[in-house]
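This briefing is intended for a reader who has the sequence and the model at hand. Please consult both while reading the points below.

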Amino acid sequence: MKIYILWLRQIKRYLRSKSRILGSLAQPLLFLLAMGYGFGSVYQKAGEGNYINFLAPGIIGMSIIFTSVFTGIEIIWDRQFGFLKEMMVAPMSRLNIMIGRTIGGATVATMQGIIVLILAMIFGFHPVSFTGVILVIPVMFLVALLFTALGTMIASLLDDMQGFQLIMNFLIMPLFFLSGALFPLDGLPKTLSIIARLDPLSYGVDAFRSLLIHSSHYGLGLDLIILSIITAVFLGLGGYFFKKIQI
Amino acid sequence: MALEMNNIIEVKNLTKKFGEFTAVDDISFSVNEGEIFAFLGPNGAGKSTTIKILTTLLAPTVGKVLVNGKDPVADPDLVRRSFGIVFQDTSLDDELTAWENMEFHGVLYDVPKKIRRERIESLMKFVELWDRKDSLVKEFSGGMKRRLEIARGLLHHPKIIFLDEPTLGLDPQTRNHMWEYLKDLNKKEGTTVFFTTHYMEEADRIAGKIAIIDHGKIIASGTSSELKEKTNTTSLEDAFLSLTGNVIREDQASSVDNMRASRRMWRK
């Protein structure tokens, strides 16, 4: 019940900030249309097929990583604006606060991912099967949990939003660009291929592709195992760092 | 020293250090059940740190604290159930409505649904916010937010209510109204009131007992007339100044203002 009310709070906040929903859809949509149509013919000539179909799962991954890290980082605001104190003096363990917030943030990111999926389908993305579209939703949620927990960890270590730009430019952007969201992972230079292997988002995007367009680099089984392990580790670390937050 | 049964708050040789800095330096005091207790001191004297320790937000470096007979470090949840708090800065979610803020609080404190709904209605009527229950808190004025926080702090019927500078920035009407209610609550329900303030006449008028803290140490305590007698002054303000000196204290720096600016930017 307590975890539910924390979850509900996040959902209400999300649904009420229409400008935020629209704002965070603009970027993925721009990527999808500009790159999708811009590189489409080159991609086709290289014999790889339809670039929009390849790119859409990557863009879904993009909207999920940005939204979930952001909702995790919102703890800094809760702290600065005092609401975290209200939660911290309530008879509830810190771990449950963190769990409630993380599930709420991940739900928001998943909703955002679903909206991007639907938009992509309107703009020319053709998933292979309807089953895949349904099955991809829980996988989106797993990826969202992973990055919300990462955001929570970052938020616990930062004092204010001053460090936010740094995190975006040196952590989130590289995680996105090096994940294979925009390009195929086959035949990459050795270094880039190793980096992609170390990037959790690579497995997320690969799993989305596996379900949506039946094309996978690592294999869906391996994707899910790695995502689950990293999510568990990040949730544990997120909980640990969250406990250390001083009000 | 044995624990007296009627002491709802008991602090013994409490010290809190942040690195080299000693914020609270070996203080001892107690508050009787049903008392209205004022905790006074200049900025940076250690008031907020002490309140944070009493309310489980900080662990003491040394010393023993009992709130409603329980140790905030060993039994945080039992202590948390026994008090309500109104913080110095607002701690409402301004993207939620007034009613939702109350409901959220009631759920976190396990107030059963039926009782919760009844109490929310009567408390919000009392603070004259019931007709605004479905408005988002961000549309509220400072005074309305304060009133809502007081109503929220009382929702789970705490034995103690902590108020950290609750009347800061409120107009005299709201201030009087608030104190009338708290005095009434104190009389009828026996709720212990623990508050800090910079308005000396307020402490003089309302508090049964006063403790003055400065540089992390309690330098005087007693009733208002005892403090005046001790310092040979005629007002509590003069007594306070005679005890703490006239030097202006630096307030703690805060990055909240920067935050507000950057939040606006990111919310666009």
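Helix 1 (residues 2-16) of chain A and helix 3 of chain B have axes that come within 9 Å and cross at roughly 155 degrees. Helix 1 of chain A is therefore roughly antiparallel to helix 3 of chain B. The model is predicted: local features need pLDDT of at least 70, side-chain atom pairs count only at pLDDT 80 or more, and totals for chains, interfaces and linings use all residues. Residues are numbered from 1 along each chain as its sequence is written, while chains are lettered from A and ligands numbered from 1 in the order in which they are written.

**Terms used**

- Helices (H or I, at least four residues) and strands (E, at least two) are DSSP runs, numbered from the N terminus.
- Axes are lines fitted to C-alpha atoms, for helices over the stretch in contact, and angles run from 0 to 180 degrees between N-to-C directions.
- Angles under 35 degrees count as roughly parallel, over 145 as roughly antiparallel, 65 to 115 as roughly perpendicular and the rest as oblique.

**Where the two chains meet**

- The crossing of helix 1 of chain A and helix 3 of chain B is left-handed (the near helix is turned anticlockwise from the far one by less than a right angle; clockwise would be right-handed).
- A:Lys2, A:Ile5 and A:Arg9 of helix 1 of chain A are in contact with B:Phe104, B:Val107 and B:Leu108 of helix 3 of chain B (contact requires C-beta atoms, placed from the backbone, to lie within 7 Å).
- This helix contact has four nonpolar, no polar and two charged residues (Ala, Val, Leu, Ile, Met, Phe, Trp, Tyr, Cys and Pro count as nonpolar, Asp, Glu, Lys and Arg as charged, and the others, Gly among them, as polar).
- The contact between the chains takes 28 residues from chain B and 24 residues from chain A.
- On the side of chain B that touches chain A, two or more residues each come from helix 2 (76-82), helix 3 (98-108) and helix 10 (256-267) of chain B.
- Helix 10 of chain B gives the most to that side, with six residues.
- The residues of that side of chain B comprise eleven nonpolar, seven polar and ten charged.

**The sheet of chain B**

- Six strands of chain B form an open sheet in the order 5-6-7-3-8-9, with mixed pairing (two strands pair if DSSP finds at least two bridges between them).
- Strand 5 (83-86) and strand 9 (217-222) of chain B are the edge strands, each pairing on one side only.
- Neighbouring strands of this sheet are turned by 15 degrees against each other on average, direction ignored.
- Strand 5 of chain B pairs with strand 6 of chain B in the parallel sense over four bridges, and B:Val86 stands opposite B:Leu163 in strand 6 of chain B.
- Strand 6 (residues 160-164) and strand 7 (residues 192-196) of chain B pair in the parallel sense over five bridges, and B:Ile160 stands opposite B:Thr192 in strand 7 of chain B.
- Strand 3 of chain B pairs in the parallel sense with strand 7 of chain B over three bridges and with strand 8 of chain B over four bridges.
- B:Phe37 stands opposite B:Phe194 in strand 7 of chain B, and B:Phe39 has B:Ala211 in strand 8 of chain B as its bridge partner.

**Burial in the strands**

- In a regular strand the side chains alternate between the two faces of the sheet.
- In strand 3 of chain B, B:Ile36, B:Ala38 and B:Leu40 on one side and B:Phe37 and B:Phe39 on the other are all buried (20 or more other C-beta atoms within 10 Å of the residue's own; 12 or fewer is exposed, and in between is partly exposed; C-beta atoms are placed from the backbone).
- Five of the five residues of strand 3 of chain B are buried, so this strand is largely enclosed by the rest of the structure.
- In strand 5 of chain B, B:Phe83 and B:Ile85 point one way and B:Gly84 and B:Val86 the other way, and all are buried.

**Helix packing within chain A**

- Helix 7 (residues 130-157) and helix 10 (residues 200-213) of chain A pack at an angle of about 170 degrees, with their axes 9 Å apart.
- Helix 7 of chain A and helix 10 of chain A are therefore roughly antiparallel to each other.
- Their contact has eleven nonpolar, two polar and no charged residues.

Terms used:
Contact = placed C-beta atoms within 7 Å.
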